[in-house]
Amino acid sequence: MRIPYQYLVMLLLLTIGAKAQTSIQFIPEVYGTTINGLFRASIFNSGGAKNVRINITVSEAKAGKVLMISTGSFTLMSGNNVIPVGVAQSANVALSENATANFIRRNQYFPQGDYEYDFNIISASSSEEIIDQIFSHEVSPPAPLDLIEPYDQDEICENRPLLTWQPSVPHVMGLLYQVVLVEVKEKQNAVEALNYNLPVINQKGVMANLLLYPPNAKDLSKGKKYAWQVTAYKDQTVINRSDIWSFQVNCSDTLVNVVENDFGYRDIEDLVKGNFYVSDGFVRFALVNSYAEQKLQYEVLCVSHPEIKIKRLPSVKLKRGHNKINLDFSHNLSFKDGYSYVMKVNLPSGTTKSLRFIYKEKE
């Protein structure tokens with residue numbers, strides 16, 4: 001029996017319309033590295049309620065099919081839906097027999113590779129396909145999340161220090177940081193302290209790669225040792241985590257005073273360890289350049305008000321050998337009396353030093 005052409009067209013349009021009513025949202029950059037992450041896909045249904053099942057197939061370019069997940073049935077309501085926890089827990093997960101699948105079986109996360117994630121939603125009653133949607137992502141190991149300061153095993157003077165770290169790479173939209181700082185008790189190492197001690201700071205939702213010491217946090221105590229760690233996360237998923245560093249508050253004088261008639265230039269290494277330098281409109285320090293003559297590379301950030309952008313900094317040319325640097329900030333309107341700043345200096349050797357100072361206007 002021949003089916004009229006018009007009827008075939010109508011069936012095709014109905015099928016396309018049904019699929020258009022359903023879409024899958026999945027962020028492989030965040031959730032495409034673990035089996036549990038695959039269940040974080042959300043499903044938008046613009047039609048009426050329906051009972052469905054989901055098949056998820058993950059393939060890697062070189063290894064081929066890596067795993068397949070089949071869920072039991074659940075109800076897809078109108079609007080945005082998440083895969084129910086019970087459905088995820090009872091799903092059948094079948095891993096292939098290849099090196100990539102064996103790695104996932106042992107380590108519970110996906111190794112480096114070029115992956116394809118195929119989400120197939122079918123009707124639980126008729127097994128009719130509702131939607132088949134494919135996502136692709138290249139999984140690469142994240143760059144280490146490096147802490148900057150306070151330095152590991154350092155001794156500092158400031159009892160309310162600025163905590164800084166390198167941004168997590170690769171960048172993920174909506175990424176946030178959690179900063180945890182604890183006291184290290186006697187006979188404890190830094191890892192034990194972070195795992196078992198009550199935190200002095202446990203700050204979530206940090207957007208920038210620095211944390212001003214929270215106003216409601218207790219001051220750090222002289223002579224005590226502290227450990228800290230930064231975690232990068234999105235939603236409830238950990239993206240990256242730093243090593244655990246420790247430092248000690250142990251300094252008799254928290255300020256290095258420099259007055260206008262003081263012609264001594266402190267070595268930049270001493271100033272870095274000295275924590276806070278009180279500027280009189282100038283910042284003076286000395287450094288050794290063992291390389292060719294070149295321009296000093298540096299920037300200044302306002303700690304008191306990070307939104308302030310410091311521009312029009314004086315240019316300095318480094319000669320070969322010992323250099324005495326005298327930076328005049330007294331005519332730059334970006335600097336405010338009593339504000340705290342951090343100057344990051346890129347040394348010719350390739351290392352970076354951070355010098356913190358309080359700006360005081362000349363009287």
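**View 1. The second largest pocket and the classes of residue in its lining.** Ala, Val, Leu, Ile, Met, Phe, Trp, Tyr, Cys and Pro count here as nonpolar, Asp, Glu, Lys and Arg as charged, and the others, Gly among them, as polar. In this predicted model, the lining of the second largest pocket divides on that basis into 6 nonpolar, 5 polar and 3 charged residues. The space in this pocket comes to about 250 Å³, and of the 14 residues that line the pocket, Ile148, Thr164, Gln166, Asn209 and Lys344 lie nearest its centre. Two or more lining residues come from each of S10 and strand S27 (352-359), and S27 gives the most, with 3 residues.

**View 2. The largest pocket and the elements around it.** About 580 Å³ of space lies in the largest pocket, and 27 residues line this pocket, with Glu29, Val30, Thr33, Pro142 and Ile239 the closest to its centre. Helix H2 (28-31), helix H3 (35-38), S9 and strand S17 (237-241) each contribute at least two residues to the lining. By class, the lining of the largest pocket is made of 14 nonpolar, 9 polar and 4 charged residues.

**View 3. Strand S16 and the strands that pair with it.** Strand S16 (residues 225-234) is mostly covered, with 9 of its 10 residues buried. Strands of a sheet pair through backbone hydrogen bonds, either parallel or antiparallel. Strand S13 (residues 176-184) pairs with S16 in the antiparallel sense over 9 bridges, and within the view valine 182 stands opposite alanine 227 of S16. S16 also pairs with S18, again in the antiparallel sense, over 4 bridges, and the bridge partner of alanine 227 in S18 is serine 246.

**View 4. The hairpin of S16 and S17.** S16 and S17 pair in the antiparallel sense over 4 bridges, one point of reference being tyrosine 233, which stands opposite valine 238 in S17. The two strands form a hairpin with 2 residues between them, and aspartate 235, which belongs to the turn, has a positive phi of about 55 degrees.

**View 5. Serine 242, in the loop between S17 and strand S18 (245-249).** Serine 242 counts as buried, because its relative accessibility of 4% falls under the 20% limit for that class. Leaving aside its neighbours within four places in sequence, serine 242 is in contact with Leu145, Leu147, Gln229 and Val230.

**View 6. The loop between strand S10 (147-149) and strand S11 (154-156).** The peptide bond from glutamate 149 to proline 150 is cis, with omega near 5 degrees, and proline 150 has its place in this loop. Glutamine 153 lies in the loop between S10 and S11 as well, and its phi is near 65 degrees, a positive value in a residue other than glycine. Glutamine 153 is classed as exposed, because its relative accessible area of 56% is over the 50% limit.

**View 7. Serine 127, in the loop between strand S8 (113-123) and strand S9 (129-139).** The phi of serine 127 is near 60 degrees, which is positive although the residue is not glycine. At 46% relative accessibility serine 127 counts as partly exposed. S9, at one end of this loop, is also among the elements that supply at least two residues of the lining of the largest pocket.

**View 8. An open sheet of 3 strands.** The strands of this sheet follow the order S1-S2-S6, with antiparallel pairing. Strand S1 (22-25) and strand S6 (79-82) stand at the edges with a single partner strand each, so one side of each is left without a neighbour in the sheet. Neighbouring strands are turned by 25 degrees against each other on average, direction ignored. S1 and strand S2 (residues 42-45) pair in the antiparallel sense over 4 bridges, and the bridge partner of serine 23 in S2 is phenylalanine 44.

**View 9. The whole chain, for orientation.** The chain has 7 helices and 27 strands, and 43% of its 363 residues are buried. Among contacts between residues at least 6 apart in sequence, 62% join residues at least 24 apart.

Methods: Residues are numbered from 1 along each chain as its sequence is written. This is a predicted model: local features need pLDDT of at least 70, side-chain atom pairs count only at pLDDT 80 or more; totals for chains, interfaces and linings use all residues. Side-chain values use heavy atoms; hydrogens and water are left out. Buried means under 20% relative accessible area, exposed over 50%, partly exposed in between (1.4 Å probe, protein chains only). On a 1 Å grid over the protein atoms alone, a cavity is a set of points where a 1.4 Å probe fits but cannot get out, and a pocket is an open set with protein on both sides within 12 Å along at least five of seven lines; lining residues have an atom within 4 Å of a point. Grid points are joined across faces, edges and corners, and a volume is the space filled by probe spheres set on the points. Two strands pair if DSSP finds at least two bridges between them. Axes are lines fitted to C-alpha atoms, for helices over the stretch in contact, and angles run from 0 to 180 degrees between N-to-C directions. Contact means heavy atoms within 4.5 Å.
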